[in-house]
Amino acid sequence: MSKEETFKELADAVISCKKEAVDAAVEKARSEGIEPAEIIEKGLAAGMNEVGILFERGKLFLPHVMLAAGAMESGVSILEADMPTDAASKKLGVIVNGTVEGDVHDIGKSIVSTMLQSAGFEVHDIGRDVPLQDFIDKIKETNADMVGLSALMTTTLPGQKEVIEMLKEQGLRDKVKVMVGGAPATENWANKIGADCYAENASEAVTKAKELLV
Amino acid sequence: MTTEYTTRMGDGQRILMTREQILADLKEGMADAADLGEIPDLSEDELDKLVDIIAMPARMVGVEPGKEVPVTHDIGTIRIDGDQGNSGVGIPSSRLVGVMMHERAFGADTMELGHIDYSYKPVKPVISNEQQTMEVCQQNTIIPLLYGAMPNLGLYYTPDGPFQNPGDLMKAFKIDEARASIEGAAKHATRDITWIMKKMMSSGTDGINFDTVGAAGDGDMYASLHAIEALRKEFPHIYIEAGMAGELTLGLHGDLQYDGKVLAGMWPHQQAPVVAKAGANIFGPVVNTNTSRSAAWNLGRAVTFVKAAVKASSIPCHVNMGMGVGGIPMFETPTIDAVSRASKAMVEVAGVDGI
C-alpha cells in the first residue's frame, strides 16, 4: 500500500467516527514505518479537516465531530510513545469562551467551544449570560491567549465592546486576542470595536483561532 | 455613468449597487443554496425579476394586484406593549388591545396570542390566565386566533430544567448521556405542549402555532413533530402551523428520526414533508440572513431555498419574514424597503402561500 493510500485510510477512519477503525489504521501505519508526525498531520488531521467541512455543510453534526475527535485522540495516544514528550500533549492555545451578559443563547457558543476543543485548544466555556467581569477573571485565572465573545441579540452586542474596553483597562489587551460572533455580529462590527477577528460559524472560529494563535 | 441602486447589507447598512452587481450577488446566493440543499437554480427570468424588484425606485413596494397572500403575526400581541428588548414598541396596552389593533388597524389575516416568555413550558403555571385571556380575545375578534409559543427544548436542560445540558455533556465527551438527555427533554416537551393545547382548545382557541421549531436542534423538532401528531389525533380539525427556527435542522443528537427520516441536516424542502406527515396545516420555512453579505445575495439564497420548499410541500407554505430571516436584514426594526422587497420576491418568485 502506498503512503497516500495509508493516509487516506487514516482519514477515512476518522471520518467514520469509529475509534476501533482509527486505532487499527494507526497501528497499520506504524507497522509500515511511517513517522508519527506524518500519520497525525497527513492522515488523522486531514480526516478531521474533512469532518469540519462535512459539519459546515450540514452533513455531520456535533456528536459525530465529538466521536471523530475522540477517535483521533485515541489514535494520537497510540503514537505518543514514539513522539517527543511535549509534542503529543501540547495544546494549541487557551481560549475562554462565553455568551455575554443579558443573552441566554447557548447552543451556537457551545458548538464553537466543542469545535475549538476538538481542534486541540484548551477551552474554558464559562456559559451564557456571563457577567462581563467574569470574562476578565477567567482570562487571568487561566492565563488565556484568546477570548470568544458570543451575542445573539442586537441588544447584547455592545457587551462585546465593553469586554474589549475592560481588557484595555486591565492592561491585558495586547496579550489576549478577541474573537466575536453571533447572528448580529459582522466583520465591520468586529473592526469597529477593535476585536481581532469575527467568525461566522464554528468552523470559521477554528480557522481564525489557528491563524491568530498557532 | 452606470446607474446605482440603493439597497442593503445583511446587517441593514445602506449600500449602492449596479444592476450587474445585484445580479452577480443574486446568482452567488442562489448558487450557495443550490449547492447546500442540492436543489435547482432559479431560472434566468426569475433572476431578472429579482433584479427588477431590488432596483424598483419606490422606497416601499407591494405585490401585483391579485397576488395578495394571507399575512399573520406571531408574537404580535406583545409587540405593542413589549419594549425593544423583545422587539416591541413600548406602548402601554394589553394583549387584547394588541390582538384588536392587528385585526382592525393593521390588517392581519390571522393572529396569535402569546405569553410574555413565549415558550410553552412557562405557560403551564399560568394556564388559567392564558385560557381566560384567550376567551376574552375570542369574544372581541373574528379573525382566526391561534395560541403560539416556542417549543424551546433549552428550558428542559440545566439550569432551567431537569435534564443535564447536552452541550456540557458533549464537551465532556459524554455523547450517549447527551443523547439520552435530549430524548428525555423531547418527551417532556411533547407532553407539555399537548397538555397546554388541550387546555387552550377548551377555551375556544382556533389553532396552534409552533414558533421556531428546531431552535434547540433536532430534539426540538422531534418533540414538536410528536406534539403535532398527538394534537392532530386528539383534535382532527385543529389548525396547526409549524414555523421553523432556521434553515438547517441542527443535529445536536444526530440520530433522531421521524417517519424513518433522520431530522438532523434537513433543509427547508426536506422539513416540509415531515411537518405535513405529522399533521400540520401550514409549514413556515426559514432561511437565515448572512449579515456580512448584501440583501441581493441573501434574497437570491432565500428565494432558492423557499421555492424548493414550496414545490416539495403538500401543505401551504407561509414563509417566515422578519429580522434576520427571509432575505431581510438582521436589524432590530428592519427597514421597509428591504422587508417589502423580500416579501414581494417570496410571493412572486418563490410562490409562497402566505407570510
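This is a predicted model: local features need pLDDT of at least 70, side-chain atom pairs count only at pLDDT 80 or more; totals for chains, interfaces and linings use all residues.
## Backbone of chain B

B:Tyr118 is placed in strand 3 of chain B, which covers residues 111-119, and its phi lies near 55°, a positive value in a residue that is not glycine.

A positive phi is also found at B:Asn152, where the angle is about 40° although the residue is not a glycine. B:Asn152 belongs to the loop that runs between strand 4 and helix 5 of chain B. The loop between strand 4 (145-150) and helix 5 (166-171) of chain B also holds B:Pro159, and the peptide bond that joins B:Thr158 to B:Pro159 is cis, with omega at about 5°.

## Packing of helices 4 and 6 in chain B

Two packed helices are described by the angle between their axes and by the distance between those axes. For helix 4 (residues 127-140) and helix 6 (residues 175-201) of chain B, the angle is about 40° and the axes are 9 Å apart. The crossing in which helix 4 of chain B passes helix 6 of chain B is right-handed.

On the side of helix 4 of chain B, the contact is made by B:Ile127, B:Glu130, B:Gln131 and B:Met134, while helix 6 of chain B contributes B:Trp195, B:Ile196, B:Lys199 and B:Met200. Sorted by class, the residues in this contact of helix 4 with helix 6 of chain B are five nonpolar, one polar and two charged.

## Interface of chain A and chain B

The contact between the two chains draws 31 residues from chain A and 33 residues from chain B. About 2400 Å² of area is buried between chain A and chain B, and carbon and sulfur atoms give 57% of that area.

Three salt bridges are found across the interface of chain A and chain B. A salt bridge is formed by B:Glu38 with A:Lys59, in which the closest N and O atoms are 3.2 Å apart.

## A:Asn49 in chain A

A:Asn49 lies in helix 3 of chain A, which spans residues 36-56. A:Asn49 counts as partly exposed because its relative accessible area is 47%, a value that falls between the 20% limit for buried and the 50% limit for exposed residues. From A:Asn49 to A:Leu79 the separation is 30 residues in sequence and 20 Å in space, taken from C-alpha to C-alpha.

Definitions and conventions
Residues are numbered from 1 along each chain as its sequence is written. Chains are lettered from A and ligands numbered from 1 in the order in which they are written. Side-chain values use heavy atoms; hydrogens and water are left out. Axes are lines fitted to C-alpha atoms, for helices over the stretch in contact, and angles run from 0 to 180 degrees between N-to-C directions. Helices (H or I, at least four residues) and strands (E, at least two) are DSSP runs, numbered from the N terminus. A crossing is left-handed if the near helix is turned anticlockwise from the far one by less than a right angle, and right-handed if clockwise. Contact means heavy atoms within 4.5 Å. Ala, Val, Leu, Ile, Met, Phe, Trp, Tyr, Cys and Pro count as nonpolar, Asp, Glu, Lys and Arg as charged, and the others, Gly among them, as polar. Buried area is the accessible area (1.4 Å probe) that two parts lose on being put together, summed over both. A salt bridge is a side-chain nitrogen of Lys or Arg within 4 Å of a carboxyl oxygen of Asp or Glu. Buried means under 20% relative accessible area, exposed over 50%, partly exposed in between (1.4 Å probe, protein chains only).
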